[in-house]
Amino acid sequence: MEEREQKKKIKKPRGVARLIPGKCIACGALCQESCPKDAIEMNDQGEPIIIVENCIGCAKCVKVCPTEALEMYLTPEEQRLLDELAKQAGAKAVAEVEEVVEEEAGVAARLKEYKGVWVFVEQTDGKPATVSWELLGVGADLSKTLGVDLCTVVIGDKMEDLCQESFAYGASKAYLMDDPLFHHYRTEPYYRAICQLVDKYKPEIMLLGATGLGRDLAGAVATELKTGLTADCTGLTIDDKRYLLQTRPAFGGNIMATILTERTRPQMATVRPHVMPMPEKDTSRKGEIISESLAIKEEDIAVKVLEVIDDRKHGAEAVDVAAADVIVSGGRGMHAKENFSMLERLADELGGVVGSSRGAVEAGWMPVERQVGQTGKTVRPKIYIACGISGAIQHLVGMQDSDVIIAINRDKQAPIFEVATYGIVGDVLQVVPAITNRIKELRAQKSVSTM
Ligand SMILES: Cc1cc2nc3c(=O)[nH]c(=O)nc-3n(C[C@H](O)[C@H](O)[C@H](O)COP(=O)(O)OP(=O)(O)OC[C@H]3O[C@@H](n4cnc5c(N)ncnc54)[C@H](O)[C@@H]3O)c2cc1C
């Protein structure tokens, strides 16, 4: 109780008023009138006498005096209190700094325990998602910069082949959780398996594909491990402090944000399919498989898979724009749904598929599955032909890594030309049929000359 009293906050002294000799002009007791505490009496010469015990240090009299004949000063007792306060503040500041230094040292030591770049190998019925191999490509750059192992996490049922395949794409180790319980993806056993591996082997970076499964799993793992997760990264590099720089579009794609996970590990990121280039496959590469098991029984898992329903679309919607080598994309500049048939003809000639901007999707001319861009598919074809597409940033982020970009637009200022390898300024409704006819002519000439 006594100690608590001692620790009671000392009020900061405000000082008391006093008269500066020779400056008062006996103005008529303005100071006395302003005092809220009757702390001023006037002497026979009309000068103020300050009653120190009553003065609360409000300084109203000082402010009201027309000749600045009053000032505030600290009594010896107040000066002592002020010195005491300064001492206390200094000691508190030192203690706070010490606490921060200690905490930071703890964080740094904890982070140092984490080593290695991990890639989660996504599979369905044993068929790997190609994004996993793309992640091994960027993972190889990261692990080389950090001087650590590039590893995969393979979870499923009879998955040894997939571990070997991950070595062919550059991994040197595979952490394998092989159990019939993992046959179908379910969030709980999968995230628990990964968290168990992370707790034991402590990777500093973990990458997953930004697919439906990858997004679900990454979120659950990051939540359980209380670490940072950056979704849909378009760039991953390492800075000079070993932090993973995770770059992704932000604010509707208008800026690129670089995000760091500074105080927790692993640093987790997801990347959409086709954003990173595919690494070369070399089946002669070998690696080490580290098998682990999860102490979980089927009865412990609330979710049961009763039936798997294939939701892949058929007909026009079955086209996988993201996997195509040639894409002829149409935007609002196509003016009508019927005009997309000329894009189909050009795509057929080139062995490609038709894609679209969101503008064309919103106009109801193309299904959403064909949309390229930030909220559509990310594509990386050999040839991307943008027809009547302005080149909004949200479209560009989905196609700007194409090998060759050909833009057709009647507005020569259209932003699409900034990323285009070749640009044609003209009416798309005339240019596209002209190109298609020319290709047909060249093909016909070629077949005649080879006859
Ligand atoms: C959060 C968010 C996410 C988004 N995600 C996406 C996305 O994933 N994908 C996407 O595409 N957009 C996306 N958008 C929309 C994007 O901002 C643009 O509005 C959209 O890309 C515009 O589509 P467009 O280029 O077809 O249409 P417009 O911008 O209207 O451009 C039409 C172009 O056609 C040209 N043109 C017109 N007539 C002709 C002609 N006869 N011949 C030649 N050229 C002609 C015009 O000069 C113009 O440049 C997103 C927006 C937001 C806010």
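I looked up the pairing of β17 first. In this predicted model, β17 (residues 326-330) runs parallel to β19 (residues 383-387), and five bridges join the two strands. I checked S329 and found its bridge partner in β19 to be A386.

I then traced the rest of the sheet. It is open and has five strands, ordered β18-β17-β19-β20-β21, with parallel pairing. I noted the edges: β18 (353-356) and β21 (422-425) each have a single partner strand, so one side of each is left without a neighbour in the sheet.

Helix α9 (residues 340-350) lies across β17, β18 and β19, and I read its angle to β17 as about 170°.

I turned to the ligand. I list 29 residues around the ligand, with G331, G333, R358, G359 and G373 as the closest. Two or more shell residues come from each of α10 (358-362), α11 (393-399), β20 (404-409) and α13 (428-449). I sorted the shell by class and got 16 polar, eight nonpolar and five charged residues.

Last, I went through the domains. The chain divides into domain 1 (12-73), domain 2 (117-300) and domain 3 (315-449). For domains 2 and 3 I have 33 Å between the C-alpha centres. At their contact I find nine residues of domain 2 against eight of domain 3. On the domain 2 side I record five polar, three nonpolar and one charged residue.

Definitions and conventions
Residues numbered from 1 in each chain as written. Predicted model: local features only at pLDDT ≥ 70, side-chain atom pairs only at ≥ 80, totals over all residues. Near = placed C-beta within 6 Å. Helix = DSSP H or I, 4+ residues; strand = E, 2+ residues; numbered from the N terminus. Nonpolar A, V, L, I, M, F, W, Y, C, P; charged D, E, K, R; others polar. Pairing = 2+ DSSP bridges. Contact = placed C-beta atoms within 7 Å. Axes fitted to C-alpha atoms, helices over the stretch in contact; angles between N-to-C directions. Domains from an automatic or database assignment.
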